[in-house]
Amino acid sequence: MRLCIQAWTFPAIFDSAFISSAAFDRAAKPVLFVLLSLPLGWLAFAILGELNAPGSRLGADPAVEVVRFLGEWSIRLLLLTLSVSSVRRIARFPKVLQLRRMIGLFAFSYVVCHFTAYLGFLAGFDLVLIEEDLVERTYITVGFTGLLLLIPLAVTSTNGWRRRLGTTWRKLHRAIYLIVPLGLVHLLWLTKDQYGEVVLYSLIFVVLMLERVVNRRKAR
Amino acid sequence: MLIRQKPDIPSYEITSESHYLNRRSFVAGAAAGVALLGAGQALGSIGYAGVELGGEVTPESIVTSHNNFYEFGTGKSDPSEHAHQLTTSPWKVKVSGAAAKTGDFDYEDIIKGFTPEERIYRFRCVEAWSMVVPWLGIPLKDILAWFEPTSKAKYVEFTTLYRPREMPGQRSYFSSIDWPYVEGLRLDEAYHPLSIMAVGVYGKALPNQNGAPWRLIVPWKYGFKSIKSIVKIRFTEREPKNSWQVIAPREYGFFANVNPAVSHPRWSQASERRLPSTLFNENRMPTLPFNGYAEQVASLYSGMDLSRHF
Ligand code: HEM
């Protein structure tokens, strides 16, 4: 993750002829699509393995394993979505903005899969258990709020909606500045020890926010 | 000490005959395994006592690879991956507090006079998963009485090894635990015949990830009470502060008795996943008060409000 950002923000590579070429325009989205699908692909592979030989790939308690794996990628991709505009500014790389919608929709998909895996594998579609969790487990209430807030953003991500909403669209999509902290609080509250991961993700979030503040000051 | 389950449990909950016979054969191997513990000292024959509940015994490969032992990391497989770094011989045990025999002991000198018994217990983690584990253990009462606690001893406190060199979780900057890990019991809980000091599992010496060379097993309490790799035993007059209670007093109490009626802020305790669970069969079952041992232990807590003393 950190390496990724470093590579992205290294301006020289973005001056190359390739970046400005039509080939890049054609290749960027399909390549990104494949890259962002890789974790899901790995998971599908692992689940297939579990079907043949339980315990072979996901251990003795696979439901938690699947939920955690998807949760992990949810927060990573949400942070990646947030980093797009910073990368554009720092690396002077306007084209990267074309990729933001796909990254955001992937983030949403991982959150939905994360939630579905919780509902099916972990809670076994037991409505009593699920209701109790949503109400009484504050970390789950917080995560669920994040998921709900993501839905309107995903729905309005199309060009049509964007045009129709005009300036409201930008305001609406600022909800991401609430959703990501909700995801971080969710992670903080479910962590029992070893807070390194929460600290790392929160730091990335803080750095991205600081970059925005600095950028605004400069613009003024 | 022979503890047999009353026949009022459903038949599927009782260990099947084939399991029982299988177990006999591995118990035969147990004598050899346990002899290793005492670095070659024979520990005598193995008893057969055990509370048989929960039907299927969890496979050994799972018992030894799905562990919570935060000294080696918070992932379930971290202990089995890292615990080989731990040296368990020599193993010193410091005994202190309200007892006649205190001081530094060699682990082997303590246990050589005892004969481990096989005990098949359910093991319920506070995270809502559970196992059925064939421990080899010594009644805790026998071990504690050996130190001749005085009348002032009302509680007993246990401490895990602190050795960051060999325990990566203790080296971490991002841990919220004030190492070493501490647990405690009221003396009457510790003296209950179900409480054991486990020295082996599956007929073999305890693997490091399971808390070698010895660990507590208190089967009616959440797993975190069953402290591993013990190096200190202290008899006290006042209730010890156990590590999880110190970290999050709203979430973890001193007693930590398995109780489906009192949920934890992070997990409903009403049911549990009996491992191994698979993606399409979680093997979820209702959690029983005192993990199914209510008949034997509930009287220890008569008159106490268990929703307050959780
Ligand atoms: C914005 C939405 C969400 C994000 C970013 C998110 C992220 C995460 C992350 C990072 C983890 C930890 C993974 C790990 O430790 O490796 C996690 C775990 C988890 N999440 Fe979420 N999550 C979200 C929504 C939800 C929702 C809606 C639910 C359920 C209703 C949920 C239930 C869980 C559960 C049960 C765990 C596992 C807890 C455990 O290990 O005991 N999450 N999530």
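**View 1. Surroundings of Phe158(B) in the predicted model.** Beyond its neighbours within four places in sequence, Phe158(B) is in contact (heavy atoms within 4.5 Å) with residues including Leu140(B), Leu144(B), Tyr181(B), Met197(B), Leu216(B) and Ile233(B). Glu183(B) and Lys232(B) are also among its partners. This is a predicted model, where local features need pLDDT of at least 70 and side-chain atom pairs pLDDT 80 or more, while totals for chains, interfaces and linings use all residues. Residues are numbered from 1 along each chain as its sequence is written, chains are lettered from A in the order in which they are written, and side-chain values use heavy atoms, leaving out hydrogens and water.

**View 2. The largest nonpolar core.** Here a nonpolar core is a set of buried Ala, Val, Leu, Ile, Met, Phe, Trp, Tyr and Cys residues joined through side-chain atoms within 4.5 Å, with buried meaning under 20% relative accessible area (1.4 Å probe, protein chains only). This one has 81 residues, and Trp135(B), Phe158(B), Trp214(B), Ile233(B) and Phe235(B) have the most contacts inside it. A second, separate core of 56 residues includes Leu77(A) and Phe93(A).

**View 3. Where chain B meets chain A.** Take a look at the interface: 30 residues of chain B are in contact with 30 of chain A. Two salt bridges (side-chain nitrogen of Lys or Arg within 4 Å of a carboxyl oxygen of Asp or Glu) are found across it. Arg273(B) and Asp61(A) form a salt bridge, at 2.8 Å from N to O.

Note on methods: Buried < 20%, exposed > 50% of the residue type's maximum accessible area, 1.4 Å probe, protein only.
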